[in-house]
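The sequence and the structure are shown first.

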Amino acid sequence: MKFETAAIRLQTERSQHREHSTPIFPTSSFVFDDAEQMRSLFADEQEGNIYSRFTNPNCSELEQKMAALEGVDDALSTSSGMAAIFASMMGLLRSGDHLLATKAIFGATFTVITQWLPRWGITCDFLDTDTANWQEHVRPNTKMLFIETPSNPGLDIIDLEAAGQFAKRNHLIFNVDNCFATPYLQQPARFGADLITHSSTKFLDGQGRVLGGIVAGRADLLVDIKKFCRSTGPSLSPFNAWLLSKSLETLAVRLDRHCDNALALAKYLSAHDEVQMVRYPFLDTHPAAAIARKQMKNGGGLVTFEVKGGLEQGRRFLDALQMLSLSANLGDTRSIATHPASTTHAKMTADDRKAAGISDGLIRISAGLEHIDDIIEDIDNALKISRV
Ligand SMILES: *Cc1c(COP(=O)(O)O)cnc(C)c1O
């Protein structure tokens, strides 16, 4: 099946009611035919649902789809993107292990790596976006490489092919946060990724309704990640899994429109007098535009820019927006503007933010699915009002 078809047609088996669309299974547990079936299910001798902290038909449908869309063996859904990322590390790393991660990563991921993992004896070093000097950071106990591309919010692009070769050469588990691209625009497994993590809260839901996460990847690695989650319980609710699986049915058409709107917005901002820097992966002025074109089908739904007047003008710009929402989310039908330095990345030090490419005046726009003329009109008006 092609991507668009798999996103629609991979579906939980129909019940006796012959429903067309998968129903919701809001049940905490499942019944056994007899004591022998109960014993063998618990002993992992046969597959089947036992308890919704382990598996649920709605979660399984979502997982099966995401594994197919990412082109990997298996997947596990979780209650949030951070639960997925944390489980992908805690399920596989142990005290004494060393992790390598790129500097430009999501704020909460940075917090997990720098503040929580060290408590369990897992240490980390940070890498530049450019893969050239990565080898110097490898230690005998390095176990995992974690990267995010395009990065949130700086839209840094990491060369997946070079990163995949580096991971292979050093026998590292290659873990990619694919949240900004989604499998529709980028399939990290094609470049050797062993694990792909997602915040399904973003484009996978695409309508700003639920929190969710996914770890997809090699079946042998998912065994321990699943065991970790079974015991610790970051399970996705059946209702949220159902919503997310429904959302995947429209992922391709939604992403096409997000990308069209984001590119048009990036071009408009590039030509604007009040704007000094615009970043969009498929804009020729992006320092890694050629790499983005090599590994992505399109540039994604996010654009970042800086107004000439820095932080002060940036704040006035945000206050002058009428239609765009000021909100912490992204990948919604509604266009959203945020100021990363004072919100999602405020817990980083100013130096760490600088290393991650987040200047104080940086504004991130998640281009929604409204008509592009209305998005640009609102931004144009806010730029006029915020001018010094
Ligand atoms: C939002 C986000 C996360 C965290 O996901 P939650 O669903 O909010 O827990 C992780 N990585 C990236 C790139 C994100 O944008």
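The model is predicted: local features need pLDDT of at least 70, side-chain atom pairs count only at pLDDT 80 or more, and totals for chains, interfaces and linings use all residues. Residues are numbered from 1 along each chain as its sequence is written, and side-chain values use heavy atoms, without hydrogens and water.

An automatic or database domain assignment divides the chain into domain 1 (3–248) and domain 2 (251–385). Their C-alpha centres are 27 Å apart. Contact (heavy atoms within 4.5 Å) involves 37 residues from domain 1 and 41 residues from domain 2.

Buried area is the accessible area (1.4 Å probe) that two parts lose on being put together, summed over both. For domain 1 and domain 2 this amounts to about 3,300 Å², with 63% given by carbon and sulfur atoms. On the side of domain 1, Tyr184, Leu185 and Phe203 lose the most area to domain 2, together 23% of what that side buries.

The rule finds three salt bridges across the interface (a side-chain nitrogen of Lys or Arg within 4 Å of a carboxyl oxygen of Asp or Glu). Lys294 forms a salt bridge with Glu161, with the closest N and O atoms 3.1 Å apart.

| Class | Domain 1 side touching domain 2 |
|---|---|
| nonpolar | 19 residues |
| polar | eleven residues |

Notes: Nonpolar A, V, L, I, M, F, W, Y, C, P; charged D, E, K, R; others polar.
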